[in-house]
Structure formats: structure tokens, C-alpha cells
Amino acid sequence: MSGQSTNVPCDPIAIVGVGCRFPGQVNSAQVFWELLVTETNAVREVSAQRWDIRRYYHPDSAQAGRFYTLKGGFLEQIDQFDSAFFGIPPVEATRMDPQQRLLLEVSWEALEDAGLVPGQLAGSQAGVFIGTCSNDYFRIQDDLANINAYSNAGSAISIATNRISYQFDFRGPSFSVDTACSSSLVAVHLACESLWRNECSLALAGGANILLDPVVSVGFCKAHMLSPRGQCHSFSAEADGYVRGEGVGIVVLKPLSQALANKDPIYALILATSINQDGRTQGMFQPSGIAQETLLRQIYKKADISPSQVHYVEAHGTGTIIGDYVECHALGAVFGEQREVEQRLRIGSVKTNIGHLEGASGIAGLIKVALMLKHRQIPASLHFERPNPRIDFEQLKLQVQRRTETLAPAPPLIAGINSFGFGGTNAHAILQEFTPAIHEQEKPSANHPIFLLPLSARTPEALQALAASYLNLLHSASVPSLRDICFTASMRREQHAHRLALVVRTHHELTEKLEAFLAGEKLSGMVDGHAKAEQNERVAFVFCGNGSQWWAMGRHLLEQETLFRSVVEHCSQLLQPYTGWSLIEEMMADEASSCMDRTDVAQPALFALQIALVALWKSWGIEPQAVIGHSVGEVAAAYVAGALSLEDAVYVMYQRSRLQELTAGQGTMVAVGLSPREVLDLIIPCEGRVSLASINAPRSVTLTGDTATLEHITSSLLQQGVFCRFLKLNYAFHSRAMDSIRQELLASLQNLQPQAPRLPFISTVTGDEVVGPVCDADYWWRNVRRPVQFAAGI
């Protein structure tokens with residue numbers, strides 16, 4: 001292995017969800033992007049509600065115990081927390097660091113943004129990796145009388161991460177990272193490494209930073225690290241230090257192959273991450289250009305990417321004279337080598353918009369770059385009046401992004417993110433634009449005439465707010481299709497107790513019904529209420545047997561539902577080499593030419609329709625926890641349970657229906673409202689001309705056999721007031737008429753390869769659960785000949 005290069009795994013990491021709270025009232029990726037492209041400066045003067053300015057501020061840096069800057073990037077309402085939503089008692093919530101509170105909320109929002117249902121992830125190997133270096137909340141608790149049993153956990157940096165894992169019942173790696181300002185990008189690095197090593201199935205990675213203790217700012221001012229003007233003038237001659245900021249950012253990460261398989265939304269791809277350390281420099285807080293350059297060379301070599309392919313680097317860019325100088329020279333040394341002067345590397349820093357978020361700064365930069373790649377635009381880096389005279393941008397082949405600009409190069413775009421800790425830990429990540437293939441961009445062309453929008457929340461007030469947010473979406477400039485809105489609400493959202501369901505056909509109708517709900521009005525197609533407490537109810541699918549078919553069954557679904565039709569077409573393709581006719585054509589035939597009364601057509605059609613419905617319902621989030629089939633319905637049940645492959649199931653269906661068609665005209669069947677014991681007393685004298693075909697319920701059975709004998713039996717029963725109804729069949733299924741096909745059926749199915757079911761499969765041959773790979777030729781003969789034990793199976 002010596003001398004062999006170590007490349008990153010071939011499967012990139014997909015960013016499938018983003019949650020954030022940043023200065024400027026940013027509470028989502030969309031709002032953050034609007035702040036960036038509108039070149040908004042979110043830095044403001046500190047509120048008197050946060051700190052007592054008269055006590056701590058003085059413009060003279062020499063003043064003891066005072067800071068000299070009034071500005072920062074601050075969040076609003078950091079004292080607010082919906083503890084009831086997370087089931088946290090108020091007495092515990094009051095002791096929780098606002099970082100912990102915000103991390104919980106933003107983690108939930110990131111998962112929702114990814115379309116992942118938190119409840120469905122419980123017990124999974126999901127990992128949590130959080131960077132944070134602030135412990136202000138612990139320091140400001142100087143009243144010993146208020147310390148309670150929750151205080152230590154509420155302020156512990158470790159619990160900031162562990163609480164997320166606990167809340168969502170995640171079982172993967174979970175730990176906090178403190179490398180100062182590079183903490184959150186180091187957390188992303190560790191999350192990617194964990195995913196590549198299969199230690200976790202998905203990862204939440206990010207960081208948090210909240211400014212509560214003014215003493216920390218006093219210390220940074222004494223070190224002359226903060227800007228007196230309260231602004232990050234990154235790479236500018238006006239650079240005089242940085243401005244502190246606060247915020248929380250979370251990204252949801254998955255291997256690309258898994259994200260594609262799950263059809264997750266994807267912002268961008270992480271190709272590689274890496275970290276290193278400055279080691280011993282001229283001072284512990286003095287950055288090392290050599291270390292930064294080494295890190296960049298190593299990561300791009302590891303990723304097998306030429307630095308000349310990189311379109312942009314989100315720099316650390318704090319706005320300090322030394323820091324900007326060292327970083328730019330490291331960037332120029334690596335990215336300028338094979339780059340023409342007119343193709344200078346674009347650089348910028350999000351710190352010019354929202355301030356330096358310290359422990360969360362790296363995740364803010366990463367989210368900015370992910371959005372930049374998604375939208376193919378580079379936002380401006382603000383406050384760049386005059387270039388830093390110590391940095392020769394032309395020689396280094398660097399260009400600070402002065403205005404928001406659309407990127408035109410052919411995909412994929414590639415960008416890097418720098419993040420440096422003031423203790424010397426450096427991190428870098430390489431992101432690439434996600435360019436889905438054409439087939440991944442295609443959407444079903446079905447034209448649905450009707451949609452169901454399910455909304456839910458933990459409280460009635462929250463449900464009102466949710467409905468209002470959907471109304472705002474409908475009034476926005478870019479409104480998704482009804483299909484997308486309803487699919488996401490159905491499949492990609494947690495379902496809570498307070499619920500609203502709206503049946504709509506158009507955007508306009510949806511708007512009307514949302515407005516009516518908010519106004520307290522009731523309209524048709526609107527249902528709201530409170531769901532019962534969870535009772536762990538389970539869903540079973542019951543697959544019907546022969547006789548339930550009718551002409552044009554499934555016709556509307558074939559015309560309207562692309563997924564449904566694709567499953568039926570697949571069955572038709574598998575069946576046609578055996579039959580010589582097209583199942584699709586038979587199902588779409590007009591009534592005059594329909595052969596649906598023939599069992600060799602009806603049975604395959606029922607099978608295809610049933611498994612197509614299963615696929616459609618699965619796409620809507622409806623899946624069985626158990627299956628049972630009535631007679632021929634067992635073939636579909638066996639396939640859905642995983643006991644038969646689709647190919648084997650289609651072949652069983654072909655042979656079963658083909659051979660049973662040979663028995664046409666040898667009898668019929670009748671449903672009777674009697675118990676099995678009562679029926680036996682009637683058929684024993686018939687000397688085998690009539691048999692018990694199925695036991696459907698305690699007083700519901702089906703008789704099969706000779707038509708004349710059955711007519712005689714039912715005539716007598718009807719006179720006694722007993723329910724009897726002849727089935728529209730010209731076959732005596734489950735009777736001795738089937739004996740003639742026994743040998744050929746067994747011979748034709750001898751090469752089946754049955755499997756053990758993957759989910760509970762209740763047999764109506766035995767009335768018990770199927771255990772092991774038993775669905776062989778003998779099983780299907782018993783399925784054809786023996787009475788259907790449906791009541792026992794139910």
C-alpha cells in the first residue's frame with residue numbers, strides 16, 4: 001500500500017436538507033438566500049435587552065472591563081422556545097442553553113426541509129455532529145438559588161448534541177466539537193467521514209453560537225480582535241477586525257446513492273473534507289500560511305480535482321489584516337498555479353453579511369456555498385471598498401466578488417469552503433453542483449383531477465399558523481404544483497394530533513379552503529379535528545379472489561396514474577411471452593370485446609391491478625404490516641410479502657389461470673349465509689357433486705360444484721330465508737373439477753424459487769402464518785384445490 005494515493009470514496013455526500021437561524025431574521029434556506037442575493041448587511045447595534053450598554057461600552061479600548069464596539073449579528077427572541085412541542089417540561093426548558101433549544105428546533109426544520117419524517121428515523125443509525133465553542137449561558141447563571149437538577153445538563157456543550165440524538169432516538173455517533181471558529185466545519189468533516197465508513201445512515205451536522213456574556217466581547221476587544229466600526233471588511237484596506245455574530249445552522253447529509261434511491265431533494269454534493277493544525281507558530285493565535293496551503297494541496301489531491309477547476313472559495317475572511325493576508329496567500333499559492341489571470345479565483349465571505357459566527361461560522365459558509373451552487377449565482381462579498389494593499393490580488397490570481405453574479409460555466413460547478421480556528425485547527429470542504437440526470441428530473445405526467453392536502457400540528461394554534469404558511473406559499477411568486485404540495489405534506493411530514501384535510505382540484509380551490517379554515521368557516525371537502533392517542537394500529541392488505549373483476553376495472557388509474565400504469569405494463573410484458581396477448585390491451589378493451597369473464601384473463605388482470613395498487617399506495621405512504629389473499633389473491637399477497645419474485649408470481653398466475661380455464665363449464669359457485677357445520681350437513685348427501693370452496697366468516701361460506709345440485713340446495717335455503725347468491729362464474733373452483741389439472745400444474749411450477757416472506761403473510765391454505773420458503777408447486781396446488789381458510793386467516 002506504500003505510495004498509493006488515498007482518494008475519497010466514489011460516493012459523494014448529498015446535502016438533502018438545510019435548517020438555519022441567522023441574523024437578519026433568517027429562518028430558512030430560502031430567506032438566507034434572499035438576504036445574500038439582495039446584498040443585505042444584517043449587522044446591527046446590540047439591543048439594550050441583550051446587554052447593559054452603559055455598563056460595558058466605551059470607545060476607548062484601554063478602559064478596563066469595557067468593549068469598544070456596539071455592533072453584532074444578533075438573532076431575535078432567543079429566549080423563546082416551544083418546549084411543549086418537544087415534550088420538555090418548563091422547569092427543564094428554563095435551564096437549557098438557548099443553543100440547545102435552537103439546535104432542537106433547527107434540527108427538526110432541517111429534517112422537514114429534507115422531507116424526512118423524524119418519527120420514521122427513530123431507532124436508526126442517524127448521527128449528530130455539532131460544532132460549538134460558546135458556553136455563555138453557564139457563565140451568566142450567577143444566582144445559586146436558581147440552580148436546579150437540570151442546570152448542568154442544560155449548559156453542557158456535550159448535551160447540545162446528545163439532546164438531539166435523545167429527542168429523535170438516533171442511535172448513531174453523537175458528539176460535540178470545539179475547535180473554536182472552525183468547529184462546525186470540522187463537525188461536517190467528521191459527519192462525512194462517519195457516513196463514508198458506514199458508521200451512520202444519515203447525519204445531522206452543523207453548529208451553534210449565541211452571544212450572552214458581554215465579558216467574552218470585552219476579552220476580544222482587549223486582544224484588539226474586534227472591529228471598532230463593527231463590520232467585517234474582509235480583504236479590504238479598511239479591515240480592522242471582525243464583528244461577532246450568532247446563529248445556528250444544520251445540514252442533513254446522506255450518501256448520494258442513498259439520496260437518489262430515496263428521491264430526496266439535493267442542494268449540493270460534498271466531494272471531500274479535510275482538517276489539519278497549524279502546530280507551533282509565532283504565537284498561538286497567529287495563523288500559519290504553510291498549514292493552510294498544505295491542507296488545500298492535500299484535499300484537492302485526495303479528491304483528484306485540479307485547483308484550476310474550482311470556481312469559487314468561501315474564505316474564512318474575518319476582516320483582520322493578518323488573517324486575510326495569510327489566507328489569500330495560501331489560496332493564491334494553490335489555486336493560482338494553473339490559472340490564467342483573466343480566470344481569477346472568486347472569493348468572498350458570508351461574515352460581511354451576518355458577522356463572524358465563530359463556532360457556527362463554517363456551517364454558515366457551507367450553507368451559503370450549497371445555495372450558491374444550487375442557484376448558480378455568486379452573492380457579493382460586502383464592504384470591499386479598497387483592496388488590502390498587502391494582498392496582490394492580480395499576482396495571486398484572486399478576485400473578491402463585489403456584486404451578485406450568475407455563473408455561466410458548464411456544470412458541474414465546484415467550490416471550496418475555508419474555516420480556521422483561532423487555536424490553529426483548519427478545515428476545508430469541497431462542494432460540487434448537483435446535476436441530476438434527465439430521468440431524475442422527469443416528473444409523472446399524470447393529470448390528477450383531485451388532491452388531498454393533509455396538514456397537522458401539535459396544537460390548534462400551530463395548525464392555524466401552518467395553514468397560514470401554506471396560504472402564503474400559494475400567494476408567492478413561485479408556487480409548486482398541487483401534486484408536489486400534497487405529496488410532500490402526505491409523505492414528507494410528521495403527522496401530529498391536530499389535523500386538517502382538504503380535498504381540492506385547483507390552486508384557487510385550495511386557497512379558498514385555507515382562507516375558510518382560518519376564518520372559522522366550513523366548506524365541503526374540508527375536515528378538521530383531533531386524532532386519537534397513538535394505539536400502534538397496524539395495517540393489513542387483503543387481496544381478493546376471482547369473481548371480483550369487472551369490465552374496465554382500473555381504467556381510470558391506468559389513464560391517470562403513471563406509476564400504476566407502469567406496474568401493469570411490466571406485468572403485461574412478463575406475461576405476453578406465455579399468452580401471446582397483451583394484458584394492457586385486454587384491460588383497455590371496450591365492453592363488447594372484453595374477455596374479463598374468462599378466468600385466464602381475469603386472474604392475471606386482478607393480480608396486476610392489485611400489485612399496482614400496492615405500489616401506488618406505497619408512494620402515498622400506505623404500506624402493509626401483514627398480507628392475506630383469498631384464493632387467487634394469495635399470489636399477489638405472496639409477491640408483496642416477498643415470498644415470490646415478480647417473475648415467479650406472474651408465471652404462477654399464468655399457469656394457474658390457463659389450466660383453470662380448461663375447466664370452464666363444469667360447474668359454478670354460490671355464497672351462502674350458513675356456518676361451515678350447517679353447510680356440511682347439506683352437502684354430505686350430494687356424494688361429491690358439491691364441495692365447500694371457502695370459509696369466509698363464521699356464517700359466510702361459498703359452495704362449489706355441479707350447477708343443478710347447487711340450484712336445488714339454494715332453492716330450499718331461500719325458502720327458509722337463508723341468504724344465497726350465485727357468483728358470476730362458469731367455474732367450480734376448489735372442487736373435484738380441479739383434479740384434472742393437478743399433474744400439469746405441479747409439473748409446470750416445479751422450478752419456482754420461493755423465499756421466506758419479509759413481512760407477515762397469512763395463508764388461506766392453512767389459516768396460519770407462512771413460515772419459511774413454502775410457496776412451491778405443492779402449495780399452489782393446495783391453493784387451487786383445498787377450501788379457502790379465509791376466516792381462520794383473518
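In which loop is the place of Ser675? Ser675 lies in the loop between strand S21 (668–672) and helix H27 (676–683), where helices (H or I, at least four residues) and strands (E, at least two) are DSSP runs numbered from the N terminus. The structure is a predicted model, in which local features need pLDDT of at least 70 and side-chain atom pairs count only at pLDDT 80 or more, while totals for chains, interfaces and linings use all residues. Residues are numbered from 1 along each chain as its sequence is written, and side-chain values use heavy atoms, with hydrogens and water left out.

At 15% relative accessibility, Ser675 counts as buried; the term buried denotes under 20% relative accessible area, exposed over 50%, and partly exposed the range in between (1.4 Å probe, protein chains only). When residues up to four places away in sequence are not counted, Ser675 touches Pro698, Arg699 and Val701, a contact being defined by heavy atoms within 4.5 Å.

The protein chain as a whole contains 31 helices and 25 strands. Its C-alpha trace spans about 115 × 60 × 50 Å along the principal axes. Of the 794 residues in the protein chain, 54% are buried. Among contacts with a separation of 6 or more, 78% are between residues 24 or more positions apart. The protein chain exposes about 35,000 Å², of which carbon and sulfur atoms supply 51%; accessible areas come from the Shrake-Rupley method with a 1.4 Å probe, and for residues only the protein chains shown count as cover. The mean positions of the 62 positive and 79 negative charges are 2 Å apart. In this count Lys and Arg are positive and Asp and Glu negative, with His and the chain ends not counted; each charge is placed at NZ of Lys, CZ of Arg, CG of Asp or CD of Glu.

Strand S7 (residues 247–255) is mostly covered, with nine of its nine residues buried. Gly247, Gly249, Val251, Leu253 and Pro255 point one way from S7, Val248, Ile250, Val252 and Lys254 point the other way, and all are buried. Strand S1 (residues 13–21) runs antiparallel to S7 and is joined to it by eight bridges; two strands are taken to pair if DSSP finds at least two bridges between them. The bridge partner of Ile13 in S7 is Pro255. Strand S6 (residues 203–209) also pairs with S7 in the antiparallel sense, over seven bridges, and Asn209 stands opposite Gly247.

Strand S15 (residues 425–433) is likewise mostly covered, nine of its nine residues being buried. On one side of S15 are Thr425, Ala427, Ala429, Leu431 and Glu433, and on the other Asn426, His428, Ile430 and Gln432, all of them buried. Strand S8 (residues 268–277) is antiparallel to S15 and joined to it by nine bridges, with Ile275 opposite Ala427. Seven bridges join S15 to strand S14 (residues 414–420), again in antiparallel fashion, and Phe420 has Asn426 as its bridge partner. S14 and S15 form a hairpin with four residues between them, and Gly424 in the turn has a positive phi of about 110°.

An open sheet with antiparallel pairing is formed by three strands in the order S16-S17-S18. Strand S16 (451–457) and strand S18 (526–530) stand at the edges, each with a single partner strand, so one side of each has no neighbour in the sheet. The twist averages 15° from one strand to the next. Strand S17 (residues 498–504) pairs with S18 over five bridges, one of which has Leu502 and Met526 as partners. Helix H18 (residues 460–474) packs on the sheet, touching S16 and S17, and its direction makes about 140° with that of S16. Helix H20 (residues 507–518) packs on the sheet as well, touching S16, S17 and S18, at about 145° to the direction of S17. For these angles, axes are lines fitted to C-alpha atoms, for helices over the stretch in contact, and values run from 0 to 180 degrees between N-to-C directions.

A further open sheet of three strands has the order S19-S20-S25 with parallel pairing. Strand S20 (residues 626–629) and S25 pair over two bridges, and Val627 stands opposite Phe761. Helix H25 (residues 633–641) packs on the sheet, touching S19, S20 and S25, and its direction makes about 160° with that of S20.
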